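This report describes one protein structure for a reader who is new to the subject. Please keep the sequence and the structure in view while reading.

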Amino acid sequence: MSTLTIAWIALPFFVGFVIYLLPKFDRYLALSMAVVSGGYALQLFAERPLTLQLLDNFGVTLTIDQLSGYFILTNALVTAAVILYCWYSAKTAFFYAQTIILHGSVNAAFVCSDFISLYVALEVISIAAFLLIAYPRSDRSIWVGLRYLFVSNVAMLFYLVGAVLVYQTHHSFGFAGLRGAPPEALALIFLGLLVKGGIFVSGLWLPLTHSESETPVSAMLSGIVVKAGVYPLVRCALFLDEIDPIVRMFGVGTALLGVFYAVFEKDTKRMLAFHTVSQLGFILAAPGVGGFYALTHGLVKSALFLIVGVLPSRNLKELQQKPIDTSVWIALVMASFSISGFPLLSGFGAKVLTTKNLLPWQAIAMNIAALGTAISFAKFIFLPHERLNRKGDVQPGFWAATILLIGGLILANVVYFEAYTVANIIKPLAIIAVGWLAYFLIFRRSVLKLPRLLEQFEHLIGVMSLMLILLFWMVFA
């Protein structure tokens, strides 16, 4: 298993290089790599947890268990869906090579349990994501990509200083070194991860990136890339009991902040991007079961971005006046039902499992976040639709990708089938019903537009500084 794991980590980077040499096979090689990762992830659910110490205390530490399995499986399915979506497009070998390099670096982040190897993985993710964001080579895409790269690198500088302080204390870069490390080490490391993962106020820089990127890139960014920053937070919360309350507090705050912005958003891609921020809060609010929630969110959010990419407009007001094709609407409704917590899709089981693992002080806030989710996605569910004969609006690979992701949402029900009791079903349905009612009575006609001050480039470093002050206050308290 140890040799297999090391080979699996290295394989995507080798495949990415081979794609450059054999561009005619780019799609096939990329899809094969995603399938290999999916197979590796599935076997983790049947294996015992594995810890690899590759280079003594100061070296690479890998932890592979079921938590890693959920995140790796999410990465495999989302990557496969994106490749299928682009199958008949004019994307070059460069795009597929960078997609697989991004896939491999995200996989590496999902098994790291030391700060230096995680740092390397996160930096490679930043570079690969930048190249995909800037792939169209337009002025706008290059600016958005450079903005992403700049913020990521600044955040990682804070993180790296914190990692050095951990090593200075314990002569080890392992996650467990946070116990007994100086409070400033925890604050600096968490700031880097919060920015990278799009958590709380630190996450308000991501919606512009996710909404301005090409549709398949948006699906990858929201579906898997942000989870590379969330996974270490979950892992640290499980390693160290004293960190768990901090992670849970950020989870609750993130869930509420993201959904607050999403409820008032009129742009489809920006609304989905803000909901990515909110749903990451659900993962952190109950770290012990965060892996399953990460899987369901990755599948549904990628599906939603791909579906929104084929709609005739991004403006929800325009979509309310212009019917969309019924087949696309059905896919949109199924994905919206899942993220709202409707039974028969795995979003329901994930929300029930998360709710059962919340602490008493979290319950009210997370129920409000769930209500906001129902309000937000009522915007999609109640769009007008009719059978249209236009086929040009939908890419040929669209349905293969959508079926894979929504099929995954249905099959993932087996993870927590025990959720299907009368008591568990009634509460989500009641929240959804209240959310739909609030949508029709209040939010459908709302014209309120929230300011974008905190998203502006010149304020991003200031927001990081404020977050660092907050973190110092939390860890010293």
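This is a predicted model: local features need pLDDT of at least 70, side-chain atom pairs count only at pLDDT 80 or more; totals for chains, interfaces and linings use all residues.

Helix α16 is mostly covered, for 9 of its 11 residues are buried. The buried residues of α16 are S346, G347, F348, G349, A350, K351, V352, L353 and T354. Five helices surround this buried part: the residues concerned pack against α12 (268-285), α13 (290-308), α15, α18 (398-411) and α19 (422-441).

Where does S346 lie? S346 is found in helix α16, which spans residues 346-356. The relative accessibility of S346 is 0%, so this residue counts as buried. Apart from its neighbours within four places in sequence, S346 is in contact with F292, T296, S338, L409, A412 and N413. The chain also brings S346 and L411 to a C-alpha to C-alpha distance of 7.6 Å, although 65 residues separate them in sequence.

## The chain as a whole

The protein chain contains 20 helices and 4 strands. Its radius of gyration is 21 Å, close to the 23 Å that the globule rule gives for 477 residues, so the chain is as compact as a globular protein of that length. Along the principal axes, the C-alpha atoms fill a box of roughly 65 × 55 × 50 Å. Of the 477 residues, 62% count as buried.

The contacts show how the chain is folded back on itself in sequence terms. Among contacts between residues at least 6 apart in sequence, 82% join residues at least 24 apart. The accessible surface of the protein chain comes to about 18000 Å², and 69% of that surface belongs to carbon and sulfur atoms. The chain carries 30 positive and 22 negative charges, and the mean positions of these two groups are 9 Å apart.

Is N75 buried or exposed? N75 is buried, because its relative accessible area is 0%. This residue has its place in helix α3, which covers residues 66-85. When neighbours within four places in sequence are left aside, the contacts of N75 are H103, V106, N107, F110 and I224.

L4 belongs to helix α1, which covers residues 2-21. At a relative accessibility of 42%, L4 counts as partly exposed. Not counting residues up to four places away in sequence, L4 touches Y40 and Q43. L4 and M271 are 267 residues apart along the chain, and their C-alpha atoms are separated by 40 Å.

A disulfide is a covalent bond between the sulfur atoms of two cysteines. How many disulfides does the structure hold? The structure holds 0 disulfides.

A disulfide would require the two sulfur atoms to be within 2.5 Å. C236 is likewise in no disulfide, as its nearest cysteine sulfur, that of C112, is 12 Å away. Both cysteines are covered by the criterion used here: C112 is buried, with a relative accessible area of 3%, and C236 is buried, with a relative accessible area of 1%.

## Loop residues with a positive phi

Most residues other than glycine have a negative phi. Which value does phi take in H171? Phi of H171 is near 55°, a positive value in a residue other than glycine. H171 is found in the loop between α6 (139-170) and α7 (183-197). Its relative accessibility is 52%, so H171 counts as exposed, given that the cut-off for an exposed residue is over 50%.

L344 is another residue other than glycine with a positive phi, in this case near 85°. The place of L344 is the loop between α15 (326-340) and α16. With a relative accessibility of 63%, L344 counts as exposed. The loop that holds L344 therefore leads back to the helix with which this report began: L344 lies in the loop between α15 and α16, whereas S346, in helix α16, counts as buried at 0% relative accessibility.

Note on methods:
Residues are numbered from 1 along each chain as its sequence is written. Side-chain values use heavy atoms; hydrogens and water are left out. Helices (H or I, at least four residues) and strands (E, at least two) are DSSP runs, numbered from the N terminus. The radius of gyration is taken over C-alpha atoms; the globule rule is 2.2 Å times the number of residues to the power 0.38. Buried means under 20% relative accessible area, exposed over 50%, partly exposed in between (1.4 Å probe, protein chains only). Contact means heavy atoms within 4.5 Å. Accessible areas come from the Shrake-Rupley method with a 1.4 Å probe; for residues, only the protein chains shown count as cover. Lys and Arg count as positive and Asp and Glu as negative; His and the chain ends are not counted. The place of a charge is taken as NZ of Lys, CZ of Arg, CG of Asp or CD of Glu.
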